[in-house]
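Me: Hi! Could you walk me through a protein model I have open? I'd like to start with the ligand and then go through the fold.

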Amino acid sequence: MTISTEQFDVCDLAAPGVRELTPYQPGKPIEELEREYGLSDVIKLASNENPLGPSPDALTAIRDNLAELSRYPDGNGFILKQALCNHFDLDAAQITLGNGSNDVLELIARAFVTPDNEVVFSQHAFAVYPLVTRAIGARAVVTPARAGGHDLEAILGAITDRTRLVFIANPNNPTGTWLTRAALQAFLEQVPPHVLVVLDEAYYEYAADPATGIADYPDGLQWLATFPNLIVTRTFSKAYGLAGLRIGYAVSHPEVADYLNRVRQPFNVNHLALAAVSAALTDTAHLQRGIALNVRGLQQYYQAFDQRGLDYFPSAGNFVTVRVGPAAEINEQLLRRGIIVRPVANYDLPEHLRISIGSEKENRRCIDALDEILQAGE
Ligand SMILES: *Cc1c(COP(=O)(O)O)cnc(C)c1O
């Protein structure tokens, strides 16, 4: 069926901020590449997913809860909030649950930003920040990056009376760069009280683990008592290997959380997610295995890039962004070999590819393919 739009101009009807949006480009699904290129045995290193998958305890909890699917989930997420409170020594009133932490990022913008406001974030920052800002019709103020990371001085300098929100990812995606405790503390002390700071810690578990070797990486939760304008967001999509379940959360001052919960859809987090994540939190052995695998994988890539003389950003996450030159072309060559990575031209990095850390075997296949492609191009 073809639907005629002659009678009305949809473009005129769309909200002004939404009109200029381009949809978020997710990593290509494995099945899509297999269909399009007639391939099998495709590997995906494009969405920072965990090659180990979730804790077996989480899978057991999911199976045990299948019979409950005819019921609405607990709209307040009581069991999960309790589990988080026990794990991090929080008060349940500080927590806002989201259908992935992207959901929470949107709730923050909806609850606090009007079309008259400005939202500040850095060049090369996560694509969801401009998306949630522009959807509201607010102005996105993008500050230049410094060495691929956030320039906190530039961000402070961009704050005006109209600024309501600053988004900072630590570590940042797609560059993997991170900010130290001292730098962030000094920044938070200078941010005026009419500005909320969102500290996006999607990769917290990787960056905070001593095995990753990140010096002076801060835990944002430590500042909540000092800075009531701080919101920390985290997710179960990355280190906990539950990206498909869609569950993340914000921790903030209880009054901030109260407003976030006013705009939240009553059942935004599903029943299986609530049950699975409560179980996943206590399986620290599984989490540790994933982190150790990631550390080894990062070393595998660093070594290969060093040997080839390729520039990359040392990463505090489960991905590495490398400068390959003609990235679009090399990406196409990788796709033909059944390897999905992430071109980051939309992040102002047209010569880079972001590669998620996979299993040792997947990493090897990706490195060998890159070698082959780069050698052929020489
Ligand atoms: C992956 C990621 C998220 C998490 O997204 P979910 O919605 O929780 O899956 C948030 N912020 C950044 C910077 C990310 O890279």
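This is a predicted model: local features need pLDDT of at least 70, side-chain atom pairs count only at pLDDT 80 or more; totals for chains, interfaces and linings use all residues.

Reply: Happy to; we'll take the ligand, then the strands, then a few backbone details. Residues are numbered from 1 along each chain as its sequence is written, and side-chain values use heavy atoms, with hydrogens and water left out.

Me: Great. Which residues surround the ligand?

Reply: The ligand is surrounded by Gly100, Ser101, Asn102, Phe126, Asn173, Asp200, Ala202, Tyr203, Thr235, Ser237, Lys238 and Arg246.

Me: What lies 2.6 Å from a ligand oxygen?

Reply: A polar side-chain atom of Tyr203 lies 2.6 Å from an oxygen atom of the ligand, and an N or O atom in the side chain of Thr235 is also 2.6 Å from a ligand oxygen. Asn102 takes part through its backbone, with an N or O atom 3.0 Å from an oxygen atom of the ligand. A polar contact here is a pair of N or O atoms within 3.5 Å; within protein, one must be able to donate a hydrogen and the other to accept it, and residues adjacent in sequence count only if both atoms are side-chain atoms.

Me: How much of the ligand does the protein cover?

Reply: The protein covers 94% of the 380 Å² of accessible area that the ligand has on its own. Those areas come from the Shrake-Rupley method with a 1.4 Å probe; for residues, only the protein chains shown count as cover.

Me: Are the faces of S8 buried or exposed?

Reply: Both faces of S8 (residues 248–251) are covered, with Gly248 and Ala250 buried on one side and Tyr249 and Val251 buried on the other. Buried means under 20% relative accessible area, exposed over 50%, and partly exposed in between (1.4 Å probe, protein chains only).

Me: Switching topic: what is the strand order in the open sheet?

Reply: The open sheet of four strands has the order S9-S10-S13-S12, with antiparallel pairing. Strand S9 (312–313) and S12 stand at the edges, each with a single partner strand, so one side of each is left without a neighbour in the sheet.

Me: What about S13, then?

Reply: Strand S13 (residues 349–356) is mostly covered, with six of its eight residues buried. Five bridges join S10 (residues 319–323) to S13, and Val322 stands opposite Leu353. S12 (residues 342–344) pairs with S13 over three bridges. S12 and S13 form a hairpin with four residues between them, and Asp348 in the turn has a positive phi of about 70°.

Me: Where are the cis peptide bonds you'd point out?

Reply: One runs from Asn170 to Pro171, with omega near -5°, and another joins Asn173 and Pro174, with omega about 20°. Pro171 is in the loop between strand S5 (163–169) and helix H9 (181–190), and Pro174 is in the loop between S5 and H9 as well. Asn173 is also one of the residues surrounding the ligand.

Me: Last one: is His124 buried or exposed?

Reply: His124 counts as buried, at 10% relative accessibility. Its phi is near 60°, a positive value in a residue other than glycine.

Methods:
A residue is near a molecule or strand if one of its heavy atoms lies within 4 Å of it. Helices (H or I, at least four residues) and strands (E, at least two) are DSSP runs, numbered from the N terminus. Two strands pair if DSSP finds at least two bridges between them.
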